[in-house]
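Please look at the sequence and structure below before reading on.

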Amino acid sequence: MAAYFLGIDGGGTSCRAAVADAQGRILGRGRSGASNILTDPDTALQHIEEAARLALADAALANVGPQDCVALLGLAGNNVGDAVSYVMERLPFQQAQIVSDGLIALQGAVGDADGAIAIVGTGTIFIARHRGELHYLGGWGFQIGDLGGGARIGHAALQESLLAHDGIRPLSALTTSILNEFGNDPRRIVDFARAAHPGDFGRYAPRVVQGAADGDPTALRLMRDAAAQVDDALDAIGRITENSGRLCLLGGLAQVYPSYLAERHRIRLSEPLADALTGAVALAVQTFQMTETVR
């Protein structure tokens, strides 16, 4: 059985790693750069190995390398077979398994028990574990999904700005500020939107959040509309879980949404037990100890 277990949380902006012993005690941590296996798998591989080596160094395991460890990696894009195959063939670990970044977030938030998470960031995805079975809702991407996410909120703010420019909706401080940013020229907004990625739209979400906090009527309506989409998803999660178990909000909008959600959901919200990296470590120990037991 491997002596050391690595949990890895790989995201679009950074890669975090933690090394643990066979009892799951975290001994060291490391962080490196972006590890998006879809957009740049080779750079992702470099940063995955770098984060692992930094975690081993932090644990003062001078004579232990990634090749001596087993690793469980929670990565976005784990459902894209070609990307996963490419990365798996090149990982430096003794054994490895790639799972979704959502799964390690769920494990961190609720532990081994049943429960659910709503990840509300630039996009959205809802994950539940009920009676040992996993359920995924949403997460289909900006073009046809991610309702309630920051990219959708930012996109809606630009739409409202054009409506206000055309006199279809009244101007507000929010739409006026956006129109001013584009020189009050709707064609520049259209040009921006045609080339924008979800993260580009998502940069306008904090402005909507702040506008709503300041009482801007347009921003308030956008936040309430977005929260209604999240409410719908949480209702579906509730039907799956029979409204039992821990329910946690995660992601960049996790601290924003509670005041906008329906009371039936607000009263059920709990703080996560731990973060996604802790979840990755726990799953690494469970997964590879079970593998050894089966052998």
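A128 stands opposite H135 in strand 8. The model is predicted: local features need pLDDT of at least 70 and side-chain atom pairs count only at pLDDT 80 or more, while totals for chains, interfaces and linings use all residues. Residues are numbered from 1 along each chain as its sequence is written, and side-chain values use heavy atoms, with hydrogens and water left out.

- Four strands form an open sheet in the order 8-7-6-9, and their pairing is mixed; two strands pair if DSSP finds at least two bridges between them.
- Strand 8 (133-138) and strand 9 (246-250) are the edge strands, each with a single partner strand, so one side of each has no neighbour in the sheet.
- On average, neighbouring strands of this sheet are turned by 15° against each other, direction ignored.
- Helices (H or I, at least four residues) and strands (E, at least two) are DSSP runs, numbered from the N terminus.

**Strand pairs**
- Strand 7 (residues 124-130) pairs with strand 8 in the antiparallel sense over 6 bridges.
- Strand 6 and strand 7 also run antiparallel, joined by 6 bridges, and a hairpin connects strand 6 to strand 7 through 3 residues.
- G115 has R129 in strand 7 as its bridge partner.
- Strand 6 and strand 9 run parallel and are joined by 5 bridges; the bridge partner of A118 in strand 9 is L249.

- Helix 9 (residues 217-241) lies across strand 6, strand 7, strand 8 and strand 9, at about 15° to strand 7.
- Axes are lines fitted to C-alpha atoms, for helices over the stretch in contact, and angles run from 0 to 180 degrees between N-to-C directions.

**H265**
- H265 lies in helix 10 (residues 263-266).
- H265 has 5% relative accessibility and therefore counts as buried.
- Not counting residues up to four places away in sequence, H265 touches D231, L234 and D235.

Note on methods: Contact = heavy atoms within 4.5 Å. Buried < 20%, exposed > 50% of the residue type's maximum accessible area, 1.4 Å probe, protein only.
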